[in-house]
Amino acid sequence: MELVRPVCEMVHREAEKLLCPGAVAIDGTMGNGEDTAFLCEAVGTNGKVYAFDVQDDAIEGTRRRLKNAGLLDRVVMIKDGHQNIRAYVKEAVDVAVFNLGYLPGGDHAITTLAPTTVQAIGECLALLKEEGAVLIGLYWGHQNGAEEKKAVEAFLTTLSPAHWAIAETRFPNREKAPLFIEIQKKRYGHGNKSIQTKDDSENN
Ligand SMILES: C[S@@+](CC[C@H](N)C(=O)[O-])C[C@H]1O[C@@H](n2cnc3c(N)ncnc32)[C@H](O)[C@@H]1O
């Protein structure tokens, strides 16, 4: 039995634990729609998935995929940057996933970017229900990947351990291997919608 699985499977395995019928999820990087389709299955007919991408090819490919799978009824597909999530998602969220990098089979020059990725993760944290999670597959072999990885890891260190449980899985014997990052909102100690940084905690 293989214990160490690819990052995209790790993301699905953890998301599955938190998603039940009727749940609300975000796919911050729709791409070819593999994660979007998975989330749509997991939330069931009464659930909802908000899926973001900036490329028409991603949106159209994913739309076809979901249509063929009979899953279009539960998805809101948004052609906009995930940094603008707040403009579209007005309800509390169980799980948000990000698969950072470029569109497989697409233009490798169009990648997720450090500032917008960090902003989007922060927006998702602010939307999470208690025990909800942001799950990230961080593929950093691309041209902007090292900067993005550095920015995401720096951001994670600012989050208060009283409010956020964070783990990062690495593959130390593979060069530029992706990382799997999970950030789970703890059950206690907060009632507002702002993200809880270490600074926030010290000032409260
Ligand atoms: C690694 S791919 C995602 C793969 C996808 N989850 C799947 O299942 O196929 C990354 C995607 O992020 C998209 N992207 C880049 N910048 C973005 C942004 N600011 N907001 C939303 N999506 C973005 C790219 O267009 C690309 O399709």
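Leaving out residues up to four places away in sequence, Val93 touches Val24, Ala25, Ile26, Cys124, Leu127, Leu128, Lys129 and Gly132. Please keep in mind that this is a predicted model.

As background, nonpolar side chains in soluble globular proteins tend to be buried together.

Next, helix H2. Which residues of H2 are buried? They are Asp35, Thr36, Ala37, Phe38, Leu39, Cys40, Ala42 and Val43. What do they pack against? The partners of the buried H2 residues are helix H1 (7-18), strand S1 (24-27), strand S2, helix H3 (56-68), strand S3 (75-79) and strand S4 (93-100). Just after H2 comes Gly44, with a positive phi of about 70°.

Not counting residues up to four places away in sequence, Ala42 touches Ala15, Glu16 and Leu19. Between Ala42 and Ala25 there are 17 residues of sequence separation and 9.3 Å in space, taken C-alpha to C-alpha.

H2 also packs on H3. The angle between the two is about 35°, and their axes are 9 Å apart. The crossing of H2 and H3 is right-handed. On the H2 side the contact uses Thr36, Ala37 and Cys40, and on the H3 side Thr62, Arg65 and Leu66. By class, that contact holds three nonpolar, two polar and one charged residue. A general point applies here: an α-helix has 3.6 residues a turn, so residues three or four places apart point the same way.

Now the ligand. How many residues surround it? The count is 21, and the closest are Gly31, Asn32, Glu34, Gly81 and Leu103. The elements that contribute two or more residues to this shell are helix H2 (34-43) and strand S2 (48-53). In the shell there are six nonpolar, twelve polar and three charged residues.

Helix H4 (residues 114-127) packs with helix H5 (residues 145-157) at an angle of about 30°, and the axes are 8 Å apart. This crossing, too, is right-handed. H4 provides Ala114, Thr117, Val118 and Ile121, and H5 provides Glu147, Glu148, Ala151, Val152 and Phe155. The contact of H4 with H5 comprises six nonpolar residues, one polar and two charged.

Staying with H4, Leu125 is in that helix. Why is Leu125 classed as buried? Because it has 24 C-beta neighbours inside 10 Å. Its contacts, not counting residues up to four places away in sequence, are Val134, Ile183 and Ile195. Leu125 and Gly28 are 97 residues apart in sequence, and their C-alpha atoms are 12 Å apart in space.

I finish with some backbone and surface points. Glu131 lies in strand S5 (residues 128-138). Its phi is near 70°, a positive value in a residue other than glycine. Glu131 is partly exposed, because 13 other C-beta atoms lie within 10 Å.

Lys176 is in the loop between strand S6 (164-169) and strand S7 (179-185). Phi of Lys176 is near 50°, again positive in a residue other than glycine. Is Lys176 buried or exposed? Lys176 is exposed, with 12 other C-beta atoms within 10 Å.

Asn173 is also in the loop between S6 and S7. With 6 C-beta neighbours inside 10 Å, Asn173 counts as exposed. Asn173 and Phe155 are 18 residues apart in sequence and 25 Å apart in space, C-alpha to C-alpha. Phe155 is one of the H5 residues in the contact with H4.

That is the end of the tour.

Technical notes:
Residues are numbered from 1 along each chain as its sequence is written. This is a predicted model: local features need pLDDT of at least 70, side-chain atom pairs count only at pLDDT 80 or more; totals for chains, interfaces and linings use all residues. Two residues are in contact if their C-beta atoms, placed from the backbone, lie within 7 Å. A residue is near a molecule or strand if its C-beta atom, placed from the backbone, lies within 6 Å of it. Helices (H or I, at least four residues) and strands (E, at least two) are DSSP runs, numbered from the N terminus. Ala, Val, Leu, Ile, Met, Phe, Trp, Tyr, Cys and Pro count as nonpolar, Asp, Glu, Lys and Arg as charged, and the others, Gly among them, as polar. Axes are lines fitted to C-alpha atoms, for helices over the stretch in contact, and angles run from 0 to 180 degrees between N-to-C directions. A crossing is left-handed if the near helix is turned anticlockwise from the far one by less than a right angle, and right-handed if clockwise. A residue is buried if 20 or more other C-beta atoms lie within 10 Å of its own, exposed if 12 or fewer, and partly exposed in between; C-beta atoms are placed from the backbone.
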